[in-house]
Each structure stands twice: as structure tokens, then as C-alpha cells.
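Please read it alongside the sequence and the structure shown here.

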Amino acid sequence: MQCAATADGDHYILEGEKTWISNGGIADFYVVFARTGEQPGARGISAFIVDADTPGFEIAARIDVIAPHPLARLRFNRCRIPAAQRVGAAGQGFKVAMSTLDVFRTSVAAAALGFARRALDEALAHATQRQMFGQMLSDFQLTQAKLADMATGIDAAALLTYRAAWQRDCGRKVTKEAAMAKLTATETAQQVIDAALQMFGGLGVVSEQPVERLYREIRALRIYEGATEVQQLIIARELLREAAAMKGEV
């Protein structure tokens with residue numbers, strides 16, 4: 001992390017850039033994480049709320065990706081903000097960031113479920129209307145098997161997502177559960193959408209067809225809020241931590 005915040009009386013001065021920022025250029029407020037140097041590494045990061053109209057703050061560049069999404073690179077040039085806009089204690093920004101990820105990973109899982117369900121709906125409608133070789137596409141056993149796999153995967157991912165959301169609402173720690181939900185829902189959605197596109201054949205890759213759009217939109221969900229590989233590491237870390245705790249109790 002290169003962006004730094006230097007204390008200046010009852011203010012902080014932000015210097016540096018941030019990239020891959022969602023809603024960059026359209027948000028009224030930004031939560032910015034910057035190095036304040038209390039300690040090396042993660043313990044020297046603090047979080048701040050920055051108004052989009054603050055002098056010294058600007059949108060350096062828009063970032064275009066395969067599916068429309070507001071992304072931008074932000075620049076801070078001696079951006080002066082009140083110390084009262086720091087979120088939490090100085091040096092605790094990393095904890096603030098990590099505490100939000102469990103919520104957002106679950107919400108990303110829910111978004112992926114929506115994409116997958118739309119793809120299944122499109123596939124079902126197409127399979128029951130498309131005639132091939134004297135029968136409906138849905139009459140072929142391969143089609144039926146694919147539809148069954150799609151529906152089963154969606155329901156399994158939904159249960160993991162609902163569990164993570166419910167446990168969060170109950171005030172429980174959901175680091176492992178949110179990672180499981182995010183990993184399973186996004187990977188399942190990718191598979192379901194790919195299967196739906198395959199079922200459409202050439203029509204599936206025509207621009208602005210629903211399954212073509214879903215195919216582009218789902219890809220990013222497997223990356224942001226922690227890529228699939230990161231979720232695997234988080235799940236394994238939590239499992240090992242639980243196993244060590246149980247061994248200690250015994």
C-alpha cells in the first residue's frame with residue numbers, strides 16, 4: 001500500500017493513489033485506507049471517510065472492464081481531511097477492512113445466485129421451446145441431466161449463502177461461512193451460466209443476449225472481495241484454527 005496519511009494537527013493529509021475502486025467517480029463518499037505508520041505492516045494502516053468534493057481528491061482515470069461496472073483510479077494530492085473522519089482507532093484500518101469482508105462476501109454470493117437463477121430460467125425457457133431432430137431440446141437426456149446439475153448446484157450454493165447471512169444476523173463470526181458461500185456461489189454461477197450458454201449454441205454468444213451478458217458479468221465476481229483461491233485459503237486457515245483449538249481443549 002503506497003497511499004499515506006500524515007497527521008497534521010487535528011487533520012490528516014492524504015497522498016497517493018488507489019485503483020480498482022468500485023463506484024469510483026459516482027460515489028459521494030469514499031472509505032480510504034492509508035498508511036499512518038504506527039507500526040510496520042497491517043498494524044500501521046488507518047481508515048478514513050473522504051468526501052468526493054474534498055480539495056486534493058480527484059478521479060485520475062476510469063477503468064473499463066468486460067462487463068459495465070463503475071471502476072476508477074483515485075488520486076490524493078495533499079488532500080486534507082479532519083482527524084474526526086478517521087474510522088476507528090489509528091492503526092486499526094486493516095481490522096476495519098477485514099470486518100466488512102464477511103458481509104460483502106455474502107452479498108457477492110447472493111448476487112451470483114441471482115445471475116445463476118436467471119441463467120437457469122433462460123435455459124429452461126429455451127430448452128422447452130427449441131425443436132431439434134423432431135423433438136424438443138428438453139426431451140434429450142443430456143439436456144435434462146445438465147438442467148438437474150444446474151438446479152442442484154444453485155440450491156446448494158443458496159443454502160450456504162443463507163447460512164452465512166443468518167449467522168451474521170445472529171451476531172456470530174462468519175469468516176469461514178462467508179468464504180464458503182462466496183466461493184461456492186460464484187464458481188457455481190460460472191458453471192451454470194456456461195452450461196446455459198452452451199445450451200443456446202451460437203445464439204448464446206450474440207451480443208446483448210441475456211446469457212451472453214450474464215457470461216461477461218459473472219466473471220468479475222470470482223475475483224473481487226477476494227478471488228476463489230483466497231477463499232480456499234481462508235476456509236483452510238479457519239479449519240486448522242478450529243482443529244488446533246479442539247486439540248487444546250482435549
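N23 counts as partly exposed because its relative accessibility is 37%; buried means under 20% relative accessible area, exposed over 50%, and partly exposed in between, with a 1.4 Å probe and protein chains only. The residue sits in the loop between β2 (11-22) and β3. Strands here are DSSP runs of E of at least two residues, helices are runs of H or I of at least four, and both are numbered from the N terminus. Phi of N23 is near 65 degrees, a positive value in a residue other than glycine.

E225 is not a glycine either, yet has a positive phi of about 60 degrees. Its place is the loop between α4 and α5, and at 26% relative accessibility E225 counts as partly exposed.

## Basis of the values

The model is predicted: local features need pLDDT of at least 70 and side-chain atom pairs count only at pLDDT 80 or more, while totals for chains, interfaces and linings use all residues. Residues are numbered from 1 along each chain as its sequence is written, and side-chain values use heavy atoms, with hydrogens and water left out.

## Aromatic pairs

The whole structure holds 3 aromatic pairs. Rings of Phe, Tyr and Trp (its six-membered ring) pair if their centres lie within 6.5 Å; planes under 30 degrees apart count as stacked, over 60 as edge-to-face and the rest as tilted. The pair of Y30 and F57 is tilted, because the ring planes stand at 45 degrees, with the centres 5.0 Å apart. This pair links distant parts of the chain, with Y30 in strand β3 (residues 29-35) and F57 in strand β5 (residues 57-63), 27 residues apart.

Are these two residues buried or exposed? Y30 is buried, with a relative accessible area of 6%, and F57 is also buried, at 11% relative accessibility. Ring pairs join Y30, F57 and F76 into a cluster.

## Nonpolar cores

In soluble globular proteins, nonpolar side chains tend to be buried together. A nonpolar core is taken here as a set of buried Ala, Val, Leu, Ile, Met, Phe, Trp, Tyr and Cys residues joined through side-chain atoms within 4.5 Å. The largest such core has 29 residues, and M150 and M199 have the most contacts inside it. At least two of its residues come from each of α1 (93-127), α2 (141-169), α3 and α4 (210-221). Another core, of 15 residues, lies apart from it and includes A5, Y30, V32 and A34.

Which residues does M199 touch? Leaving aside residues up to four places away in sequence, M199 touches A123, H126, A127, L137, T143, K146, L147 and M150, where contact means heavy atoms within 4.5 Å.

## Helix α3

Helix α3 (residues 175-200) has 26 residues and spans 38 Å from its first C-alpha to its last, close to the expected 38 Å; the expected span is 1.5 Å times one less than the number of residues. Of its 26 residues, 21 are buried. Just after α3, G201 takes a positive phi of about 65 degrees.

An unreviewed UniProt entry places the feature "domain: Acyl-CoA dehydrogenase/oxidase C-terminal" at residues 91-240. This span is 77% helix and 3% strand, and its end C-alpha atoms lie 28 Å apart.

A243 is found in helix α5 (residues 228-249) and counts as partly exposed, at 41% relative accessibility. The C-alpha atoms of A243 and L160 are separated by 21 Å, and the two residues are 83 residues apart along the chain.

Conventions: UniProt positions are given in the numbering used here, feature names are shortened, and annotations may be inferred rather than shown by experiment.
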